[in-house]
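Please look through the model shown here together with its sequence.

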Amino acid sequence: MKNVKDLQKNLKTTDVLHQKSQLRQRAKFEALSASGLRALRYAREVEGIGQVVALDNDKGAVEACQRNIKFNGSVACSKVESHLADARVYMLTNPKEFDVVDLDPYGSPSVFLDSAVQSVVDGGMLMCTATDMAVLCGGNGEVCYSKYGSYPLRGKYCHEMALRILLACIESHANRYKRYIVPVLSVQMDFYVRVFVRIYTSASAMKNTPLKLSYVYQCTGCDAFHLQPIGRTVSKNTSVRYLPGFAPVVPQECSHCQKKFNMGGPIWSAPIHDQEWVTNILSDVKSMKDRYPAYDRISAVLTTISEELPDVPLFLSLHNLCATLKCTSPSAVIFRSAVINAGYRISGTHVNPLGLKSDAPMEVIWDIMRCWVKNHPVKAQPADQPGSVILAKEPVLQANFARAVASLSKAQAKKVARFLPNPERHWGPKLRAGRQITSKHISLLGEEKVNGCLSHQDSELDAKRQKIEKLEDAPAES
């Protein structure tokens, strides 16, 4: 009964808020706003923004947000409104109401996605953050499948796969309402992933979704992976037929090392960035350098993204390739030159400084490594090892390791920073509210803070213990 009353109360609250929303211009919505810091920054720093709705279901957070709105003066008071309500109920009762919806929960956003994709106007933007990286990166595959409808693989590319799993999940929720997404920017940084997608409504365009999704086959022995598109199209005259994808793309055993494959996905295998948009934003950021205290960080990420190959999902790790063969590693420039000289494209990735995206098939990659090992011999390994099986074959392609002109990206040639160190020690997510601090949290909070909290907790326990002892020793009333 209590849950039913709470739901009725929430519905009444959202009905009132919905009536108010009809009177205002389309606006920005921030679910889970907490103290309202981000909502206030939107109102004060983004030109041309209308109303900003900051929502939270914690009474203390809403009160703090309302105090912060008053503290920030007339601009904040005129643009930002804070309410106590369930974000899911509010978004469901305000369909196609907001130009921008910002989801940034502590953990998984999966429970908010169904209502979020309905509340964005046609062509509006959904900004979504996920911090449950252990789940998305393969630590708990069954949990990831229950939350996102996709099974992750623990390869070097797991963080990019996390981005693509989140995009596939958002697309799945959008399709249920004849809508689809177009990714603008997808970023993996520090301890989270964040995606920016535009949402459109079109029953016909929605049919293309199977063409944008793929399963991933990852070899358990070497670094080879293959993508299996879910769907395909056949054109005849002016009509287009949508058919299942061809299968299988891989045999039962890897053709390179004779090991089995793990299967993961489905993931978003279409481009995850709008490269033109990224280039324009990077240019704008550079022109307003003085306005961004975090300019170095922003420009580094956008620069790296602008140089990624947009049509190549996932990436290889040069160090992993060498670890499979037990050989010394060529420099990135030498390896990139060999791929370019073979007639293929190659680039870095913003996800991993050692990651390399290339449209070269794995046969070519392994041939290049075989040629490298011929010039840099390795110790004999057991015959059943993946590296031994790969090196037992003669290379079909004779690699050319001469330095190629495009072996360095423009940013590298100009010595522009692309990967910056963490801003401080113990950089990362702090504890979820209400958690008890223990010695295992030293890596998150630092030794001093943990020791201080533990001593404080011990003193509180001592005080409680003394209070209980006094009550037990007190004489009973007659």
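Gln258 has its place in the loop between β11 and β12, and in this predicted model its phi is near 65°, a positive value in a residue other than glycine. With a relative accessible area of 40%, Gln258 is partly exposed. Leu314 likewise has a positive phi, near 60°, and is not a glycine; this residue is found in the loop between α12 (295-306) and β13 (316-317). Leu314 has a relative accessibility of 1% and therefore counts as buried, the limit being under 20%. Most residues other than glycine have a negative phi, and most peptide bonds are trans.

Turning to the chain as a whole, the mean pLDDT is 86, and 85% of the residues reach 70 or more. Over residues 1-24, however, the pLDDT is below 50, and beyond near neighbours in sequence this stretch has 25 contacts in the model. The chain holds 19 helices and 15 strands, and of its 478 residues, 45% count as buried. Among contacts between residues at least 6 apart in sequence, 67% join residues at least 24 apart.

His350 is found in the loop between β14 (346-347) and β15 (355-358), and because its relative accessibility is 8%, it counts as buried. Although His350 and Gln188 are 162 residues apart in sequence, their C-alpha atoms are 7.6 Å apart in space. Leaving aside residues up to four places away in sequence, His350 touches Leu163, Ser186, Val187, Gln188, His273, Thr304, Ile305, Glu308 and Phe419.

Arg41, which lies in helix α2 (residues 37-45), is partly exposed, with a relative accessible area of 47%. Arg41 and Ala76 are 35 residues apart in sequence, and the distance between them in space is 9.0 Å, C-alpha to C-alpha.

Which residues of helix α6 are buried? Helix α6 (residues 110-119) is mostly covered, with eight of its 10 residues buried, and these are Ser110, Phe112, Leu113, Ser115, Ala116, Val117, Gln118 and Ser119.

Two packed helices are described by the angle between their axes and the distance between the axes, and the table gives both values for two pairs.

| Helix pair | Angle between axes | Distance between axes |
|---|---|---|
| α13 (residues 318-325) and α15 (residues 362-375) | about 60° | 11 Å |
| α14 (residues 332-341) and α15 | about 125° | 10 Å |

On the α13 side the contact is made by Leu318, Leu321, Cys322, Thr324 and Leu325, and on the α15 side by Met362, Ile365, Trp366, Met369 and Val373. The residues of this contact divide into nine nonpolar, one polar and no charged.

For the second pair, the angle of about 125° between α14 and α15 makes α14 oblique to α15. The crossing in which α14 passes α15 is right-handed. Here Ile334, Phe335, Ala338 and Val339 in α14 meet Ile365, Ile368, Met369 and Trp372 in α15, and the residues of the contact divide into eight nonpolar, no polar and no charged. Ile365 and Met369 of α15 take part in the contact with α13 and also in the contact with α14.

Methods
Residues are numbered from 1 along each chain as its sequence is written. This is a predicted model: local features need pLDDT of at least 70, side-chain atom pairs count only at pLDDT 80 or more; totals for chains, interfaces and linings use all residues. Side-chain values use heavy atoms; hydrogens and water are left out. pLDDT is the predictor's confidence in each residue, from 0 to 100. Contact means heavy atoms within 4.5 Å. Axes are lines fitted to C-alpha atoms, for helices over the stretch in contact, and angles run from 0 to 180 degrees between N-to-C directions. Helices (H or I, at least four residues) and strands (E, at least two) are DSSP runs, numbered from the N terminus. Ala, Val, Leu, Ile, Met, Phe, Trp, Tyr, Cys and Pro count as nonpolar, Asp, Glu, Lys and Arg as charged, and the others, Gly among them, as polar. Buried means under 20% relative accessible area, exposed over 50%, partly exposed in between (1.4 Å probe, protein chains only). Angles under 35 degrees count as roughly parallel, over 145 as roughly antiparallel, 65 to 115 as roughly perpendicular and the rest as oblique. A crossing is left-handed if the near helix is turned anticlockwise from the far one by less than a right angle, and right-handed if clockwise.
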